[in-house]
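Here is a short tour for anyone meeting this structure for the first time. Have a look at the model, then read on.

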Amino acid sequence: MLPRSAAELARLIDHTLLKPEATRADVERLCDECLAHDFFACCVNPVWVATCAGRLAGSRTAVATVAGFPLGASLPEVKADEARRAIEQGAREIDMVANLGALRDGDGRRAAADIVAVVDAARRTRPDVLIKVILETAALTDEQIVLGCRCAAEGQADFVKTSTGFHAAGGARVEHVALLRRHAAPIRVKASGGIRDLPTAMAMLEAGADRLGLSAGVAILAGMPR
């Protein structure tokens, strides 16, 4: 069922700031917007996890961060350590970038092992942490996207996610969200990258997204009934 109010939509949004040039003031503003609108999660780069965890303490907004971002080309053990350290500092969700080269090679074994390394390290640190696997769907064929879904399932991730928002191929597309929904279930789907207005956000949800990664969340909520 699609959200019918700004409050319902906010609980489907990861309010996101992943620009490398973000300042402390920018991140604190992001947190304050999360508190004001009750967004589901506040997604930031790892250097800001502790700041956000402190500022959001006692709220319903979880701190989310990234691993292997934005390229996905780090060694599995580096991604795993990045996730572990972030969780120790207060992250409750990890959005890891998959090994895109392995997916393009059709090497499911290598792609799945990369995910397993992060999931295992994260859940040893905190069993209830959520792991989202970013597939960068605009850079993959449908066959490679389906392979990514299988690898995420094998790795026992919680979500597959469309995009980093930083790839030249582009961000989320409705047809890719629908493809993820068909092939990832029961893993959930997060759409992110280039979602800048309410009609696009609703189209992603209608196609099967369970969560949205948005930097324009406040503006998008303004178009919804209170």
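## A strand, a helix and a strand

Start with β7, helix α9 (residues 198-207) and β8: together they form a right-handed β-α-β unit. This is a predicted model, by the way. The two strands of the unit, β7 (residues 188-192) and β8, run parallel and are joined by 3 bridges. S192 has G213 in β8 as its bridge partner.

On to the other pairing of β8: strand β1 (residues 13-17) pairs with β8 in the parallel sense, again over 3 bridges, and here H15 stands opposite L214. Side chains in a regular strand alternate between the two faces of the sheet. So are the faces of β8 buried or exposed? Both are covered: R211 and G213 are buried on one side, and L212 and L214 are buried on the other.

## The nonpolar cores

L212 turns up again in the largest nonpolar core, which has 70 residues. Along with L9 and I94, L212 touches the most other members. Apart from that core lies another one, of 9 residues, including A41, C43, A62 and V97.

What does I94 touch, leaving aside its neighbours within four places in sequence? Its contacts include A83, A86 and I87, as well as T65, A67 and V129.

## Helix α4, one face in

A83, A86 and I87 belong to the buried residues of α4, along with K79 and A80. Seen down the helix axis, the buried residues of α4 fall within an arc of 130°, so they line one face. Among the elements covering them are α3 (49-55), β3 (62-67), β4 (93-97) and α6 (108-125). Over on the other side of α4, E77 and E88 are exposed.

As for length, α4 (residues 76-88) has 13 residues and spans 18 Å from first C-alpha to last, close to the 18 Å expected at 1.5 Å a residue. After α4 comes G90, with a positive phi near 125°.

Most residues other than glycine have a negative phi, and most peptide bonds are trans. Here are some spots that go the other way. The peptide bond from F69 to P70 is cis, with omega near 0°, and P70 sits in the loop between β3 and α4. Another cis bond runs from A185 to P186, with omega near 10°; P186 is in the loop between α8 (174-184) and β7.

Then there are the positive phi values. D38, in the loop between α2 (24-37) and β2 (41-44), has a phi near 60° and is partly exposed, with a relative accessible area of 24%. E136 has a phi near 55° and lies in the loop between β5 (130-134) and α7 (142-154), but E136 is buried, at 1% relative accessible area.

Conventions. Residues are numbered from 1 along each chain as its sequence is written. This is a predicted model: local features need pLDDT of at least 70, side-chain atom pairs count only at pLDDT 80 or more; totals for chains, interfaces and linings use all residues. Side-chain values use heavy atoms; hydrogens and water are left out. Buried means under 20% relative accessible area, exposed over 50%, partly exposed in between (1.4 Å probe, protein chains only). Helices (H or I, at least four residues) and strands (E, at least two) are DSSP runs, numbered from the N terminus. Two strands pair if DSSP finds at least two bridges between them. A crossover is right-handed if, with the strands pointing away from the viewer, the path from the first strand over the helix to the second runs clockwise. A nonpolar core is a set of buried Ala, Val, Leu, Ile, Met, Phe, Trp, Tyr and Cys residues joined through side-chain atoms within 4.5 Å. Contact means heavy atoms within 4.5 Å. The expected span of a helix is 1.5 Å times one less than its number of residues. The arc is that of the directions from the helix axis to the C-beta atoms.
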